[in-house]
Amino acid sequence: MNMNYNTLLKPLTLPNGIVLNNRFVLSPMTTNSSTQDGHITEADINYARRRAHSAPLQVTGAAYIEPYGQLFEYGFSITDDSCIPGLTTLANAMKQDGNKAILQLTHAGRFSNQAILNFGQVYGPSAMTLNSPIKHEVLSMTTDKIKSVIQQYADATSRAIKAGFDGVEISAAQRLLIQTFFSTFSNLRTDAYGSQNLENRSRFELEILKAVQNVIDQEAPPQFILGYRATPEETRGSNVGYTVDEFNRHLDWVLETANIQYLAIASWGRQIYQNKVRSEGKYNGEYVNAVVYQYLNGRIPLIASGGINSPDSALDALQNADMVGMSSPFVTEPDFVTKLKEQRPEDIDLHITLEDIDELAIPYAAFKDIVKMMDYGEGLKKETRDELRKLETNYDAVNYKEVDHENET
């Protein structure tokens with residue numbers, strides 16, 4: 001084994017004193033295996049149990065905080081207290097081997113595909129008409145609606161605490177609602193949440209983080225983890241939604257507002273951890289991760305992700321990060337880190353066939369709407385993605401059953 005791989009297996013201590021026994025993170029992956037009303041199923045639990053040993057820090061797929069924020073048809077909900085029993089079982093499954101279970105809280109905003117299909121309209125910072133996946137209207141959020149969503153994040157945090165999660169992650173990445181307020185592409189407002197200056201564009205997410213932190217201070221046990229996921233630069237060709245320099249400046253306010261324990265970098269595309277700054281200025285052409293990592297200067301750990309699917313790429317990513325996040329690789333190779341620890345990196349195999357599905361506890365209809373995202377990122381080879389794509393045809397035949405909480409041990 002390449003002895004340099006030992007760097008990946010070194011412990012890391014979060015700012016709150018929690019010690020993680022290696023540098024791997026199970027990054028969010030929505031398996032689309034919950035009930036249609038967003039409740040946790042046996043398929044969700046079995047999938048989590050099979051991966052409970054995969055990484056010391058594990059982040060769920062997106063839990064939507066209100067129906068207008070729902071991205072995937074069979075994603076899971078944290079919209080009301082009826083979700084707590086299932087989420088409790090999920091948290092216990094994720095933590096069974098002593099790892100930390102983090103619940104990602106999400107509002108997909110104008111990209112809430114399921115809300116578009118359900119309601120024909122979605123919410124965003126500014127009004128607009130969009131054509132994908134069908135023609136629909138984006139409603140500009142009123143001040144009252146903004147306050148309502150902030151309260152929904154706070155309420156969702158309270159439910160996550162009651163369900164026994166070790167932390168929550170607020171996602172402000174990849175064109176989700178929070179990110180669109182920060183972007184001059186999508187935010188055309190002229191009020192206190194508008195695009196006139198960086199302070200106004202940051203206001204929505206800072207108010208969310210403040211509300212979430214207040215709940216944590218009042219209700220959470222010691223060492224509860226608050227994570228933050230974000231996209232450090234937004235460009236479309238030569239047009240700039242925001243620069244990495246603006247992102248770093250706003251990051252100071254984020255760290256002043258809430259007790260953040262880690263920053264996870266996420267974006268669209270391939271080999272995200274190797275993205276270079278595209279906007280003009282002093283950082284042009286430098287690695288995005290390096291710019292943010294150097295700016296943080298050890299204040300909180302940075303998680304790199306996107307295109308990390310081998311021990312060598314994990315090592316490469318760790319040059320400008322403290323931890324490495326993987327999602328697709330843990331779907332098909334949940335024993336990735338175990339094999340690395342046992343000095344068997346040559347046995348790491350990301351390819352599967354349909355005969356492997358039961359052993360890997362992959363839900364039979366897991367990847368509706370998901371494989372196309374895997375295609376975009378190419379975290380798995382095409383032949384493996386094609387095997388998973390075959391599972392999409394199972395949705396008419398599979399009826400996922402909500403987990404039986406009374407019989408859970």
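**Strands, rings and enclosed space in a predicted model**

In β15, Ala-264 is the bridge partner of Arg-229. The bridge belongs to a parallel pairing of β12 with strand β15, residues 262-265, which runs over 4 bridges. Strand β12 also pairs in the parallel sense with strand β11, residues 167-172, over 6 bridges. Within that pairing, Ile-170 stands opposite Tyr-228 in β12.

The next topic is the open space in the model. The second largest pocket has a volume of about 410 Å³. It is lined by 20 residues, and those closest to its centre are Glu-233, Thr-235, Ser-267, Trp-268 and Asn-275. Two elements each give two or more residues to this lining: β13 (234-236) and α8 (288-296). The largest share comes from β13, with 3 residues. By class, the lining of this pocket divides into 7 nonpolar, 7 polar and 6 charged residues.

The model has 3 cavities of 30 Å³ or more. The largest cavity holds about 240 Å³ of space. Of the 22 residues that line the largest cavity, Met-29, Tyr-47, Ala-48, Thr-60 and Gly-61 lie nearest its centre. The elements that supply two or more lining residues are α1 (42-50), β4 (57-59) and α2 (84-95). The largest share, 3 residues, is from α1. Here the lining comprises 10 nonpolar, 10 polar and 2 charged residues.

Tyr-47 connects this cavity with the contacts between charges and rings. Besides lying among the residues nearest the cavity centre, Tyr-47 has the charged end of Arg-51 over its ring, 3.8 Å from the ring centre. Another contact of this kind involves Arg-201, which lies over the face of Phe-182 at 5.1 Å from the ring centre.

Rings also meet rings. A pair of aromatic rings is described by the distance of the centres and the angle of the planes. The structure holds 6 aromatic pairs. One of them joins Phe-330 and Phe-336, with 6.3 Å from centre to centre and 75° between the planes. The pair counts as edge-to-face because its angle of 75° is over the cut-off of 60 degrees. Both Phe-330 and Phe-336 are buried. Ring pairs also bring in Phe-24, so that Phe-24, Phe-330 and Phe-336 form a cluster.

The last stop is a loop residue. Ala-108 lies in the loop between β7 (100-106) and α3 (113-119). Is Ala-108 buried or exposed? Ala-108 counts as buried because its relative accessibility is 0%, and the cut-off for buried is under 20%. The C-alpha atom of Ala-108 is separated by 4.7 Å from that of Gly-69, although the two residues are 39 residues apart along the chain.

Methods
Residues numbered from 1 in each chain as written. Predicted model: local features only at pLDDT ≥ 70, side-chain atom pairs only at ≥ 80, totals over all residues. Heavy atoms only, no water. Phe/Tyr/Trp six-rings, centres within 6.5 Å; stacked < 30°, edge-to-face > 60°. Buried < 20%, exposed > 50% of the residue type's maximum accessible area, 1.4 Å probe, protein only. Lys NZ or Arg CZ within 6 Å of the ring centre and 35° of its normal. 1 Å grid on protein atoms, 1.4 Å probe; cavity = no way out; pocket = protein on both sides within 12 Å on 5 of 7 lines; lining within 4 Å. Points joined across faces, edges and corners; volume = space filled by probe spheres on them. Nonpolar A, V, L, I, M, F, W, Y, C, P; charged D, E, K, R; others polar. Pairing = 2+ DSSP bridges.
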